[in-house]
Each structure stands twice: as structure tokens, then as C-alpha cells.
Amino acid sequence: MEIKNCLKVFLLLLILLNTSCKKLVEIDGPETSLSSKDIYNNNATALGAVTSLYAQLSLRQLGGPGELSGLSCIAGLSADELEYFSSVGDITLNAYYQNGLNSNNVGNGYWVNSYQRLFVVNAAIEGLSTSTGISQPLKKQLLGEVKFMRAFYYFYLVNLYGDVPLVLTTDYAVNSLAKKTDKALVYNQMVADLKEAQNLLSSQYVGSDGVTPYSVDLEERVRPTKWAATALLARTYLYLKDWTNAELESTKILSNTNQFHLVPIEQVFLKNNKEAIWQLQPVYRGTNTAEGNTFVLPSSGPSVINPVYLSNRVMDDFELNDKRKTKWTGHVNANGLTYNFPYKYKVTSSREATYPILEYSTVLRLAEQVLIRAEARTQLGNIGGAISDVDIIRERAGLPLIETNNPNIGKENLLTIILKERRIEFFAEWGHRWLDLKRTNRINEVMQVVTPQKGNGASWKAFQQYYPISLFDLHADPNLVQVPGY
Amino acid sequence: MDKIIRVMKLVIILLTTAIIQVSAASYAQKVTMKQHGIELVNVFQEIRKQTGYDFLYGDKIMEQAKPVDLNLQDVGIEEALEICFKDQPLSYSIENKIVTVRLKKPGFLSRIAAAFGSIDASGRVVDSENRPLPGASVKVKKTGKGVSTDKDGRFFLRGVEEGAVLVVSFIGYLPKEVSASANMGNVVLEQSLSKLDEVQVIAYGTTTQRLSTGNVTTIKADVIEKQPVNNPLLALQGRVPGLFIEQATGFAGTGVKVRIQGQNSWNYGSDPLYVIDGVPFSSQLLPGGNSILGSSGASTDGMGDISTVGNPLSLINPADIESIDVLKDAAATAIYGSRAASGAILITTKKGKAGDTRINFNLQSGWAKVPHQLELMNNVQYLEMRREAMKNDGILMPVPGNFGDNDLNGNWNTSRNVDWQKELIGGTAGYQDLNASVSGGGNLTTFLIGAGYHRETTVFPGTFADQKGSLRFNVGNTTPNQRFNIQFSGSYLFDHNQMPNYDFTGNALTLAPIAPDLFDQGGGINWAPDTLGNSTFMANPIGYVKNKFLDKKTNLTANMVMSYKLLKDLEFKSNFGYTSLSSVYTNKSFLESNPPEYIQYSSRQTTFGNASSSSWVIEPQLIYHKKVSQGTLEILLGATLTQNQGKATQILGYGFSNDLVMDDLLSAPRVKPLSSISSKYRYNALFGRINYNWQDKYILDLTARRDGSSRFGPANQFHNFGAVGAAWVFSNEDFLLDHLNILSFGKLRGSYGTTGNDQIGDYQFLSLYKPMAQEILYQGIPIYLPIGLTNPNLQWEETRKLQVGLDLGFFKDKLLFNANYYRNHSSNQLSNYGLPIITGFGGITKNQAYKIRNSGWEFSLSGTNISSGRLKWSSNMNLTIPKSLLVDYPDLEKSSASFTAIVGRPLSAISVYHFLGVDPATGVYQFADKNGNPTSTPVLGIDNTKIIDTAPKYYGGFQNTLSFKNFQLDFLFSFVKQIARSYFPGVVSGQFYAGIGNLPVSLLNRWQKPGDVTSIQRFTNGDALSQSLYNVSRSDAFWTDASYIRLKNVSLSYTLPDHWSKKMHLESLSVFAQGQNLWTITGYDGLDPESHSIALPPLRVITIGAKINL
């Protein structure tokens, strides 16, 4: 009897255990995380997830490829703008510099970070589209921001790698087998995204709630607005050689003189200046911009911390009395040599507990729109309109105006002048030079000369205008093919 | 009832004897007998022959009779009997020519009844020290009927024939045959010296090698304490077949990789389950801690696992351990279900024993050194290399300036010749280990209290030490009625680890021999400024001596086992356990460890970290134990409830105003959170086992378990596991018992079953976003990032284990042979599936359809070679031949693993280029392309066609114990046949950066001019040959033979003769010398073939000490 009773009790226990088993192995997510369901159902966290894109652009340093903001340095090295201080012994930097990349040494490149951000973008589009928990104005703004960002990443991806897979969902099963998409189709997507972004985004700079515009004096130009979308769209049309639309879009901003106008040379890279269309707020303590930290050489010259300096090719291209040469470049004498360096951003890092934040890293600025319109107008035969645009830039740089010196300049010559103006205006900024050389099909002509001079005497090959994809990704996606040539 | 039957029996016997007596013929009444030492029984027979008198006696009674010396010449029967019974414990009476013999005790009737009927035999089974042996079996040999002893060792066997042979047996003791009597007193069992009878701890119970159906190897305290190691796992190296252990570094608290019967899982969870006194223990520490300790072989790309360093078992004091049992096959492990796919290691701690209070001390102190140095270039050779590299590259002038070629541009003194191995890793580390314990108790209550202290320093310059203090106790109590028993143990260990957070070994091997002194004349760090004041010795590592890393770890474990005997055959038992591991660390880096140039970019910083994990477990069990037919049936039913919680945070404080305030976060002007981790793991299960042992001949073992784990999605949390094990002790078969003299034991056993693996990170089925630490928030907005791709369909990984074993004992078990064949099939692999980054992440954890087969042979042979008089010699040898194979991978070619996995090849196989030496024309490495033609530009994915297997081919150990008089010598050789990454075959030879650039002398055998045939490419200063070096690192030249035979452990001890120690008022005293990693034979080209890295290798440790028992 006793046995039976005991067994009964035990069996009862077991049954109890079994029925409560489910409960016993169920867990909530960790306190340190949020589930993806929750993240886009709350104003603050949705804003936080989208803001991560800007914070990460701002986080990166320039010492190696990664976040696109590093292009100011890396694409400058690949082109004819920056020189690499070889004693540093950084194999990656050296490979970008000497145009000696291959699928083994390319590492993460810009490929990895950009597609990681695109996952966040696509997840946000999916999350925001179905969300019911966040306010309508915020939803609209954030959707606009991520559509803008999607175009932004794809713009650089196609210009750095050629054809790339166009990934528009978060479904890994689909994406892991993605093929490369023709560049033209990627551009179509960019145009579509940017047009949507123009409609969705606020025309005012919004504050930390993602909705409320700043009061006039306290404006922070650190989130994309309708104007950022317009600026990128103008650039996209320029790259598509859609001159009419390029002029149309750039004109939209250029006529918004209330919000945007050119500022004196000394103020172009100051935070929240009127020329800035979109800037990045610093997130490192003691730091204004990565550009200031990396480019500005100390008196001891280049080193591991400052591994690049400005090429003499840039220095030699400045016209006489160009204010940009005196204001935007600096030099030091070290190791018995003179090293020039980009000095657009002047504030270097500080160890002081309190330090002034004067400069923000500028992603999009009005001067580019001026030169986009100049180029579009030239192509469309509006030489006069083009000249007046170019002269805005030349005038600010203290250079003689074309209007006065050479008003009858031909189309080709004007295009050459515009391209050179872009080289000088945008040196060491966001890889403009590297992209312009490709866009205008002048890359082979230029690099054939430059590459052998960078050491090793290796010759330039046309395929090197695109960076290779790392071997790992090629292995992981059977449908992905290497950039031709590599 | 019994009594009536007994009385009736008596009546029948009396009647029969009466008839005999009537028919007895008439004989002479005189007796003549002359014999020495004749048995009384024989005397009775002779007397009967001569006189016709009959004798009435019981066999049992006669056993107490003494032989007699007789010298009788025609004496009367009464006189003869008088003489015979003189001094006998017997008396007699004569009645009608019948002599009735009885014990000289009163109580006639009952004695007669006892003598002639069946009796109730009772007694107590004890060991040689008079301690009761509960659970011992007492069986009537003839009928197989039997009982077990109670908690006090007592037994009571009803209705046994007086004098019947009883077999008394108990696990770990030699069985004994005694004859039954009413009051048998103490039956003393001698402890079996046969390995076969040593107690083996298995999941939820114990067994012996003789009766086990599974594959279990046991290592006892005496073996562990002979080895000066800081982690008990290291004491198992080379001693357990099927167990491969690799020590990552020579630091105290080093990572230790443990694999039982190979790697079953592609990249998650190949760690065994550790169970200490029934409570599961972590196999990996939480992330954080000092990275120089090296990894314990956690998953290679599991989230969050990469940063785990060190090994949690280093927080267990080896001196506290009574035994370690390694469970390998399904029969032994399936009852642990999902957690035992990679085997289980059960650690049993020491418990108090009844008897006099004993006080033990074990004190040892020693020295440790790096056992082997590489032969590196001296200054002349080094400079020759550098100048030749310059010349090869067409560089005429060394680069001036402090960032230039300091070794050649005049900045450094080229006549210096420093042995950096001696300077940086040539020191002697100290080793101290002190343990004391008090134990004792009575029959009902026992206790043990122990304390330990362990200290190790490093071979580096500077003073660093790892110190551990530990306390433990154990109390056990049994109620007088023996039904309730409780054991409670607790231990607390505190580890104060102050080590550098930098391993100097890499610098020791690569610093240029002409590099400047480490310290300047003022005792500061020597940055060797040039004439302009710029630092030239940026790579001076000695700054790391100044940095302070302090890791304070604690390990608290407590467990309680309660058992209550509900009924004679039914016992309820429950484990309660709690463990808590915590670590609080600070990592300080001072300004002065940076060269002056970098100070403006640097700041004083301290990383404040803490990590803790705690878990509890409750395991109620019901055990039913009964004789059924001629066998023993044991049924176990139980449940497990467990939860594990982990938390870790890291905060960086920086910008401190001075060195003194760096321990306080409040003094940091700037603070940055680095990471926070929180995890919870819940797990529960129901399990059961049925074991039936028929006459110790046929043993059947069935186990089953149903598991639920929180690591899987709601649909897949539960799963069933089970195993069948069987053993046939054929040496107990009658047909063999009579015919084989050499073979004393033979057993054939086999098992088959399933186990699982859930060793992936927590929460992987949830899609999660994590906040990202930022110094300054972007627009004041906290940001969130997705952690990874989620897979809500995650399931258990399953391993099917098949095992067949043969155990043989020869020459009365003096020679034991053991062979095992195992074959484990792992499927539904939980692994990281590589994804292209266009999916947002590099991979996803997913169950994959491929199968891994781990098979192998394990052999062990142990024997007592000499056991005569004062000299004893025994040895033990084991060998494991493992093989792992990727047997099936559906749609491999479409998978991202297609470049790394090869079906039909070992799991550890990699495809590399085949190295063809140096192109004699260009001096550059060349390789075979896919057609076998030499090329210097092989293409990955096409030309890497050579397959090599990186797993060990075989491994094992050879151990000997010699004792002569009071001396005892033990030594263990361990051996491994394997290949490993070579030390530096293809580093850029000729380059110099900031002080680094030296290489082994062997690289001097380089290509110098066209036509040279060598295997080392030309020296070069720049990056020109970097691709070539990358290629060589992916070729078979990079994999070199790293087999070794190592004199792993030697222990020599001398026990003082008893009368000496008695004089000193000691129970016993022995002194000893021990050594670890004493001597290695290897062809490996790096520092050490076991760690095969450029981390500090396992050290050679030599200690002396004494063991004192009061």
C-alpha cells in the first residue's frame, strides 16, 4: 500500500512538472535588449534605431575602410589626392593607396558596413510600415529618412563596386542568394526612394523627437531633410547624365536662399553653417571631426595616427591666389621634408574635459549643388547660366571670374574648368575626386600616370576603378560574382 | 509457523537417528588412535568404526572444533571422548551409544533447534577499519536469495540453513564467502585492489568497471594530488582514453580545451557537461577577463563566445577532489540528455569519514620556467638579413628618422646582442600550494573542513601573481534508524589574479637583437629618443609591466543531498545545488606606457568590468531497488529543474588626473559604458533508468530523458533522448569458470542511444535590438542596433552514439585490458551558417542537415608487473585513435560551406596549396596549381587542392608507479601525433617595424641569388611579397609536424617509517618532489607543440613538499 501511495504522489509530481514544463523553460528577452517587434512600436526606440545610421557614420575614424564617411581618406588615397606614409606599415591602407587590392586583402571594405546598415534600413521600412504604436508625423519622417539613407548607401555602393545586389528586404533566405543588379536598375531604385523621401521628409531640421523643428538660432543640421533628399537626387541625376532633372533639383535648393546660401571660405565646415545641407554630429568625446583628427598633421609629421598627407598633385592644381589653398591646406616640416595636409577641418582632438565643438563633418553642402547645376547647364547648352554658377564658387575662392576673363568659353573647356573646380573645391571630401574621374571616364588617363608613381611601379588596370568584393561573401553567396577583372 | 516447521524437522531427525541407533551393530568399547592434528570429525568417524557409537552434531558446530593430537591405546570410549573434548568449545553427552555434540552453552532446546533447523542469520558488514558498509549484498550462494545491508551495515537473512554459504559483496570490495549462523557478528570485507572494483560515479548513482555497461574512466585523488597543476582538468591529460586536453598557455588560470571522443558539433558546443557533486558547472567563463589566458575552445564564431578566456574549472581546488569520472558513451550519458552530447565529467569532492579525527596537511612549493627557447638570429645574422633585404629591394639608404629603419640608420647601437627570450620570458615563476583539512565523525555524523592556498607568479619581468584561497566543508548525518540521510557541502574560492594584460612572448621572439634596453638609466621606460628627441623604440613592451590588470574571481558552490527511505526497497532522494561564479576586474593603462609622442593622444584609462553567473538546480529522484528472480532490479525516476542567470558589464573610465585615483570610477572625468550582457537559461527534464543485473552475468541498462530548454523557439523546446546498454560478464559463465585459468574477468558490453546539444547562446530564436554605448548621444538619442539574424525554428542537435567494448582481466585481474570502439553520428547540426553580408550579417545560427561521424578506438592496458615483497611496479597505458568525418552534407555545393567543408573528409580537414619551395629564378615561394604546375600566384578556391587533416591522429599516455620500501615513484608520459601551424615559416623576413623583426635562425637558409634551391624565399623589406606570404600561410608548408612525447608528470615520494613518525607524534609523514612538463621530445619548430601558438607555453614546474597526517 505504502509503495502505491508513494508512486501515486510521485506520478502526480511528474505530471505537474510536465504540465508546467512549458512555463519552466519559457523566458522573456534579456533586460539588455529589445525585441524587433517592440522597437518600431515606440517613438523613442524607433527614433533610436534609425538614428544609429547617423551615429555610426559619425563614429568611424578614417584610418581604414569601413563606414562610408571614411571615403574622404580612403578614396582620396586610391585617387590622386592623398599620399600614404609608408613607414606606418598598414597593409590595407597601402593596398588602397597603390591600387593593389585583391579579394584577399580587401577585407571588409565598404561593402560590409554598407550592407549592414542597409539591413537596418530595410528592417526600419518593414517595421515602420506595419507599426501602429508610433505617431504619424514621426513615422512619416523616419520612413523618409530611411528611404533617403537607402539611396545614399546604394549611391556609394554602385560607384565603388559597379553592379551590386539590390537588397530591399530583411529576408536572409532571399538575400543570401541575391544576384548583382544592373547599375541602371539600382539607380532607378535610388531615384524612386529619393522622390518618396522628398515627399515624406520635413523641410525643416527636426530635433531630438524627430518631429519638432528647431527654433531658428538653435538649428542642428544633423538629420536629413527634404533638402538632403533633393541634393542627393540632383547628384544622382548628374551621375545619370539626366541634365534636365539635375538642374531642376539643384535649382530647388539653390532657390531656397532662406535656408541655404554659401558662406565665406573660413566658415564652410563650421557646425550648422548655412551652406551645410546635412552634417554629422560628433559622438566621440574630445573630438570634433574625424577629418580634423586624421588629416591635420602635428609638427612631428605623419605617423600611425596621421598616416596620410596631401599629394603635390593637388597642391600644384591650385590656381594662383586661390584662397582655398591658404585656408584649406596646411603644412609641416618633418624628417627633412615638407608635408602638406588638408586643413578644411582645423580642430584636432582634445584631452581637455571641456573643449569647444566648432566643426561638424559635412556630408552634403550647397557648393556641390552650384557645381552640379553648372555642369548640367553646360551640358544643356546654357553656357551663360553655367558660367554664373561657376563664378559663384570662384568668386568665393578669390579667383578671377570666367564671366570677365573668358565669357565666350566653349562647352568642353567649361566642363574641364568645372571638373577642375570640383577637384579643388571637394579635395579630401567624400571621395568626390575618385567618383568624378570615373563618372567622366577620365580615370584611366589620370591613373595610368599616378599609380606607378605610388611605389612598386605597378601599372594601372582599368578594372581597378572598382574595389573588389571579399572572398568570404563570394563563397557565401553562390550567385555573387566578383567585380570583373579581379 | 517457522518454529513449528523447525520443531517438526527436529522430530524427524531425532526419529531417524533413533532408527540408526537401533540398527547399530555391537562393537568393542575400546579405542586405539595415534595421530597428530586430526580433525575432530575424522576422530568421530574412527571412533564410530571402532566402537559403533554414533555421533550427532551440526556442521556449523564442528567448524568451531579444534584439531586434536591423540595417542590412545585401548582406552575406554569415555576416556577417549574426554581427551578429544578437552579444550574444545564443545560439550557432549552419551545416550544409548549416541554421542551428541553441542556448543558449551546453555539453552538446550533452542540450541538444538539452531543446530538442525534453518535459522535467521544476522550480522554486520564492515570494512577493515570497522566502518559499516551500507548497501552491501548478502546472498545465499546456493539459492541466490539475498538482502542488502542497511545504513549501519546490518543484515538480517531469514530462513537460511545453518552453515549455508553466504556470499557477501560490495562495490569496491573483494567478495567474501561465509557460513550462515544466527549471530555472525562483523563480516569484514577487504577493499578490492582490483581496478575493476573501484567505485565509479555515474549519472545519479555509482557502479564499478566490473558491472558497468558504459564507458567510464575514473581518476582518483591520489593521481590528482601528484600533479602540481592549477586546474584539475590538467591532471587528466594523457590518463583517460578518448579524452583530449590541450592547455592554451602557461599562465595560471589558462584556457583548457577539452574534447571527449572528438568534436561532434561543427562550431557550437563541443564542451563536455561538468557536474560537481550532482550540480552542473559552467564549461566556459562569461566574457571579459584577461585575454592573455587564452581560450578554452568555445565555439569559434558563436555570438559572445569569442571573448571568453580562461577556464572555470581553475576555480576548483584540485585538492578538494576525491575522484573525477569521465563518461563517454550513450549508456553513461544519455540520462543527461541534451547536455551530454560531448560526454560528461563528474567531479566528486572529498567527504568526511567516520573514525578518529584526522588532520591532514599538504604543503608544496616550487619553481616554474619556460621549458624551451627558440634559436633566434643573433645581431650579426639579423643585420645580415636586414641589409640583404634592403639590397634585394634596391634600397640604397635606410629610411632616416625615428619612424625609419632605426636598426640601420644609426639610431641604434648595432653591436648590441640581446637575448630577448631571456629578458622577457626567462624568469622563474614561483609556485606554492598549501592545503589543510580536518575530517572525522561517528557512525551517524561525519564532517570535513578544508582550506587551501595557491599562489603562482609569472616568468615575466615585474611582479605579478595569481593567488587563490579556498575553504570547503562537508557535513553528513544519518538518523539512527538509518532511513534519513543528509549531506551538505559548500565551498568558496577566491582568486586574486594580478597578471599583466599582455603576453610578452611574442615580443621575446621578434624584438630585434640590437633593440635598446627596456629601461633607461632612471628606471623609466626607455623609448630610446634620437638626437631630435623622437622615440625610436616605440615597440618597447615593458610599459605593459606598469599597466595593472586585477581580476578578482569568486566561486561559491553549495549542494545538499537528502535521502529518505520510504520503504525497504524504495528511496526518495533530492539534490539541491547552487553555484555562483563572479568576477570583478579592473584593467588600468597608465600614460607612461605610451611613448611621449602619443601621450597627447592618450589618457589614463581604467576598464571596470564585472561578470557573474549563478545557477540553481533541484533534482528529485525516486529509487526502487529490489531482488527480482536471481537478479537485482533498480529503477530510477527523477526530474531536473534548473536555471542559470548571467550578467556582465564593462565601463571605461578615462582622463584620470593622476595614477592614484584610477581605481575609482567617480574620479574619471569621462565615463563610457562598453557593454552589458544579461542572459537567462532555463532547463528542465524528466528522466528514468532501469537497470537489471542477473547474477552479475547479464546486465541491462535502459535510460530515457525528456528535456526542455529555453534556448529554442516555443515549438521546439522539448525533445526525448534515450539509450540502451547491455553487458555480458562471460567470465562468470560456468562453462568458462572451469576452463580458463588465465582469464579472471571478461565482459562484453555495448550501448546505443541519443544525446543532444543545446550549447548555443541564449535568446537566439528572438529577434533583438541592443543599445549601443556611446560617449555622446547623437542628438541626445540613445541608439539601438539589431544583434543578428534570428531563427525561430532552432532545434536540438542530436548525437547518436554507438559503442562496443571488451574488458578482460588476466591473472586474477593483475592485468586488465580494455578496448572500445565508438561511433557517434551527429545530425541536425546547430551551427553558424555563413551568409553573405548582403543579408546584413555574416551568418545565422541554424540547424543544418549535414552529419558528422566521430569514430575511434580506445585501448587501455594496466597491469601490476611486480608485486613481490618490498618492490611493487604497476603500469598503465592508453591509446586513442580518433577519426572524424563529415559524412553527409546535402546540397553542399549550394551552401556557403562549400569552400570549407568536404564530404567524406575529416571534419578538421582543410584544403591548402601544395608548397613547392622557392622558385630558383625569382626567389619567391611557389605552389602547385590545380594541374600540378608550379605557380607563384595560386588562386584560392581553385588551386588549393591539397587536403590535410589537422586533427590529432592518435594520442595517449604511459604511466608507471614503482614503489620500493617507503619510496614511491610515479611518472607519466603523454604523447600526441598531430600537425599544427608552424612557427613563422613565412613572416616577412627582412622587415623592420618599430623594433620588431627578428626571426628563427632557420630562416637564414633563404634564396639569395638565381639558381639557389631553398625553401625560404628571399628577404625583403617592403610589402612586395606579402601576397606570397599570405599564400604560404594557406599552404601545406604552414602545417608542420607537432607530434610530441612529453614526460608530463613525475612524482617521487618518501613516507617516513611508522616508528619515526610516531616519535614525532604524527600519524604519517611523507615528503615528495613533483614535476610537470619536465621533458619533451618533438620536432615542432615553435615554442611548444601543445599550445602551438606564440602565447606563453605550458611551464615546466618542479615542486617539493610534504604531506602530514596528524
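**Notebook: strands, an interface and some charged pairs**

I began in β27 of chain B, where L550(B) is the bridge partner of Q498(B). A note for anyone joining me: this is a predicted model, where local features need pLDDT of at least 70, side-chain atom pairs count only at pLDDT 80 or more, and totals for chains, interfaces and linings use all residues. Residues are numbered from 1 along each chain as its sequence is written, chains are lettered from A and ligands numbered from 1 in the order in which they are written, and side-chain values use heavy atoms, with hydrogens and water left out.

**Entry on strands**

I looked up the neighbours of β27(B). Strand β26 (residues 484-499) of chain B runs antiparallel to strand β27 (residues 548-565) of chain B, and 16 bridges join them. I take strands (E, at least two residues) and helices (H or I, at least four) as DSSP runs, numbered from the N terminus, and two strands pair if DSSP finds at least two bridges between them. Strand β28 (residues 570-589) of chain B is also antiparallel to β27(B), with 18 bridges. There L550(B) stands opposite T586(B). I also noted that β27(B) and β28(B) form a hairpin, with four residues between them.

**Entry on the two chains**

Next I turned to where chain B meets chain A. The contact (heavy atoms within 4.5 Å) takes 82 residues from chain B and 91 residues from chain A. The buried area is about 7,400 Å², and carbon and sulfur atoms give 65% of that; buried area is the accessible area (1.4 Å probe) that two parts lose on being put together, summed over both. On the chain B side, Y769(B), Y778(B) and I838(B) lose the most area to chain A, together 12% of what that side buries.

How many salt bridges lie between chain B and chain A? I found zero, a salt bridge being a side-chain nitrogen of Lys or Arg within 4 Å of a carboxyl oxygen of Asp or Glu.

One pairing crosses between the chains: strand β1 (residues 34-35) of chain A and strand β35 (residues 768-771) of chain B run antiparallel, joined by two bridges. In it, L34(A) stands opposite Y769(B).

**Entry on charged pairs**

Side chains of opposite charge can pair when their charged atoms come close.

In chain A, the side chains of K147(A) and E196(A) meet in a salt bridge (3.0 Å, N to O). This pair links helix α7 (residues 136-161) of chain A, which holds K147(A), to helix α9 (residues 183-200) of chain A, which holds E196(A), and the two residues are 49 residues apart. K147(A) counts as buried because its relative accessibility is 11%, and E196(A), at 35%, as partly exposed; buried means under 20% relative accessible area, exposed over 50%, partly exposed in between (1.4 Å probe, protein chains only).

In chain B, K747(B) and D807(B) form a salt bridge, with the closest N and O atoms 3.7 Å apart. Are K747(B) and D807(B) buried or exposed? K747(B) is buried at 0%, and D807(B) is buried at 1%.

**Entry on one arginine**

Last I visited R386(B), which sits in helix α8 (residues 379-392) of chain B. It is buried, because its relative accessible area is 0%. A polar atom of the R386(B) side chain lies 2.7 Å from the backbone oxygen of G990(B). Not counting residues up to four places away in sequence, R386(B) touches residues including D405(B), D407(B) and F992(B).

Definitions and conventions. Polar contact = N/O pair within 3.5 Å; in protein donor to acceptor, adjacent residues only side chain to side chain.
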